[in-house]
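Q: I would like to learn how to read a structure one feature at a time. Where do we begin?

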Amino acid sequence: MNETSSTTVTNHDLPNAGVVNSGPSFKALLSAGLWSNNPALVQLLGLCPLLAVSNTAINGLSLGIATAFTVLLSNISVSASRRFILPDIRIPIFVILISGIVTMVSLLMNAYAHEMFLRLGIFVPLIITNCAILARAESFASKNTVFASTIDGLATGIGFAVVLVVLGAARELIGQGTLFADAHLLFANLSSAPLLNFGEQYRGLLIAILPPGAFILFGLLLVFKNLITNK
Amino acid sequence: MNDNLRQLFSSNRHGVVLGCFALVVTAALALTQTATKSRIEYNEKIHRQKTLSEVLPAQWYDHPLDQFIVELPDNISGTNRTSYIAKINAIPQAVIISATATDGYAGNINLLVGILKDGTISGVRVTKHNETPGLGDAIELKRSEWIKSFDGKSLLSPIESGWALRKNNGEFDQFTGATITPRAVVNEVEKTLRFFNAVKTQLLAHE
């Protein structure tokens, strides 16, 4: 855990914008999770599902929502019970909480987005092993109020989901020539027709959908992020 | 007594705390499971019926397709095959047989093959596969119409040598850049027809 906590935001790193409870400010938490300390782009955590599932935008969005929901609930439950969490056994407690939450999320997904659940397969239960979630529990939620942890969980979850969707959209667009195809698998009232379609003649650049394409495009995304940050 | 209990508690603090967390989480899980159980079962049923109905037109049955299920051993592959019998007025009209092609490019390809009682194919669909996107996944109806080229085929039409890809002087098209995948599907569909021939008296028997 030392490795991850050294790169994650703790109370000390955040500018305190004069909030009464002396916790990190709402705005600082949001911008940390979404941008300056984004779990995927900066901490480089949880890359296995990120690279595996981002072959289409809607797959990315589905796993993104499931992951965001998990990190939010995990942060809330860890911070709410932080008075009972003994330092020696904090990791087993986090794991119990996170695995319980993920199992609940996958049951709910199975019930309300069945086709999507079948399509994502093993990657829904595998959210348990996403270390971005454990890192938030360890370095933030176990030391902060429920309110601050909720904001942090939301920001981290959305930050992760946005990267999944952006990478998924890029891979789908390049590899398949469509954008947000099969949206009905996640939202029953949307049509299965893609939002954007290059047409039948576009054969697609196959590598974008295959695993190497995930690595290449994710690398480009990191370059892009660092260019903006270091400007 | 009270002191003993307190001592037991304090010396096992870690275990007690961990146990309490496990208890709370388990309770929450049990609640979620109970709340979602009927909906998940319903989803699975609808999904199964929808997949089955894709390989057999509605004119061949008057009941839910997953109502009559028969498991029979396949002597050729040595595994069990699941067959769904389609009946009208309790008289068998067709069967849908599950099939698995084990020689695909990336793992198993699961299929459903609908066969009318005279041995002609009413439809074939791929239910699960890991073939290369953009190449081998043309076996999905979503990607190409290829899987429909089995409709109306039987062991008599084409004859045995025709159950192969065009490049092997057969009747079925290969895909650009992928021959292993369609070959595996063609071979497995043929094997399924042979299995049907071997057990059809059992499958189509009146109850």
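A: Begin with burial, which rests on a count: a residue is buried if 20 or more other C-beta atoms lie within 10 Å of its own, exposed if 12 or fewer, and partly exposed in between. Lys27(A) has 13 C-beta neighbours inside 10 Å, so Lys27(A) counts as partly exposed. Keep in mind that this is a predicted model.

Q: Where is Lys27(A) placed, and how far is its C-alpha atom from that of Ile151(A)?

A: Lys27(A) belongs to helix H2 of chain A. Lys27(A) and Ile151(A) are 124 residues apart along the chain, and their C-alpha atoms are separated by 9.3 Å.

Q: How do contacts in chain A divide by distance along the sequence?

A: Take the contacts between residues at least 6 apart in sequence: 76% of these join residues at least 24 apart.

Q: What elements make up chain A, and in what order do they run?

A: Chain A has 9 helices and 2 strands. Read from the N terminus, the order is α-α-α-α-α-α-α-α-β-β-α. Of the 231 residues in chain A, 49% are buried.

Q: What span should helix H4 of chain A have, at 1.5 Å a residue?

A: The expected span is 1.5 Å times one less than the number of residues. Helix H4 (residues 57-80) of chain A has 24 residues and should therefore span 34 Å; its end C-alpha atoms are 34 Å apart, which agrees.

Q: How should I describe two helices that pack together?

A: Two packed helices are described by the angle between their axes and the distance between the axes. Here, take helix H5 (residues 90-112) of chain A and helix H2 (residues 13-54) of chain B: their axes come within 8 Å and cross at roughly 10°. Angles under 35 degrees count as roughly parallel, and that makes H5(A) roughly parallel to H2(B).

Q: Which residues make the contact of H5(A) with H2(B), and how do they divide by class?

A: H5(A) contributes residues including Pro92(A), Ile96(A), Gly100(A), Met104(A) and Leu107(A). From H2(B), the residues include Leu18(B), Phe21(B), Val25(B), Thr32(B) and Arg39(B). By class, this contact has 15 nonpolar, 7 polar and 1 charged residues.

Q: How many residues of each chain are in contact across the two chains?

A: Chain B has 18 residues in contact with 20 residues of chain A. The side of chain B that touches chain A divides into 9 nonpolar, 7 polar and 2 charged residues.

Q: Which domains does chain B have, and how far apart do their centres lie?

A: The domain assignment gives domain 1 (2-53) and domain 2 (55-203) of chain B. The C-alpha centres of domain 1 and domain 2 of chain B lie 41 Å apart. Their contact takes 5 residues from domain 1 of chain B and 11 residues from domain 2 of chain B. On the domain 1 side, the residues divide into 1 nonpolar, 3 polar and 1 charged.

Q: Is Leu193(B) buried or exposed, and with which residues is it in contact?

A: Apply the neighbour count again. Leu193(B), in helix H3 (residues 180-203) of chain B, has 23 C-beta neighbours inside 10 Å and so counts as buried. Leaving aside neighbours within four places in sequence, Leu193(B) is in contact with Ile115(B), Gly119(B), Ser154(B) and Leu155(B). Leu193(B) and Lys153(B) are 40 residues apart in sequence, and 9.9 Å apart in space from C-alpha to C-alpha.

Q: What should I look for in the backbone angles?

A: A cis peptide bond joins Ser157(B) and Pro158(B), with omega about 0°; Pro158(B) lies in the loop between strand S5 (121-128) and H3 of chain B. Asn169(B), in the loop between S5 and H3 of chain B, has a positive phi near 60° and is not a glycine. With 9 other C-beta atoms within 10 Å, Asn169(B) is exposed.

Q: What is phi for Leu44(A), and where is Leu44(A) found?

A: Leu44(A) has a positive phi of about 50° although it is not a glycine. Leu44(A) is found in the loop between helix H2 (26-36) and helix H3 (47-53) of chain A. Its 14 C-beta neighbours inside 10 Å make Leu44(A) partly exposed.

Terms used:
Residues are numbered from 1 along each chain as its sequence is written. Chains are lettered from A and ligands numbered from 1 in the order in which they are written. This is a predicted model: local features need pLDDT of at least 70, side-chain atom pairs count only at pLDDT 80 or more; totals for chains, interfaces and linings use all residues. Domain bounds come from an automatic or database domain assignment. Two residues are in contact if their C-beta atoms, placed from the backbone, lie within 7 Å. Ala, Val, Leu, Ile, Met, Phe, Trp, Tyr, Cys and Pro count as nonpolar, Asp, Glu, Lys and Arg as charged, and the others, Gly among them, as polar. Helices (H or I, at least four residues) and strands (E, at least two) are DSSP runs, numbered from the N terminus. Axes are lines fitted to C-alpha atoms, for helices over the stretch in contact, and angles run from 0 to 180 degrees between N-to-C directions. Angles under 35 degrees count as roughly parallel, over 145 as roughly antiparallel, 65 to 115 as roughly perpendicular and the rest as oblique.
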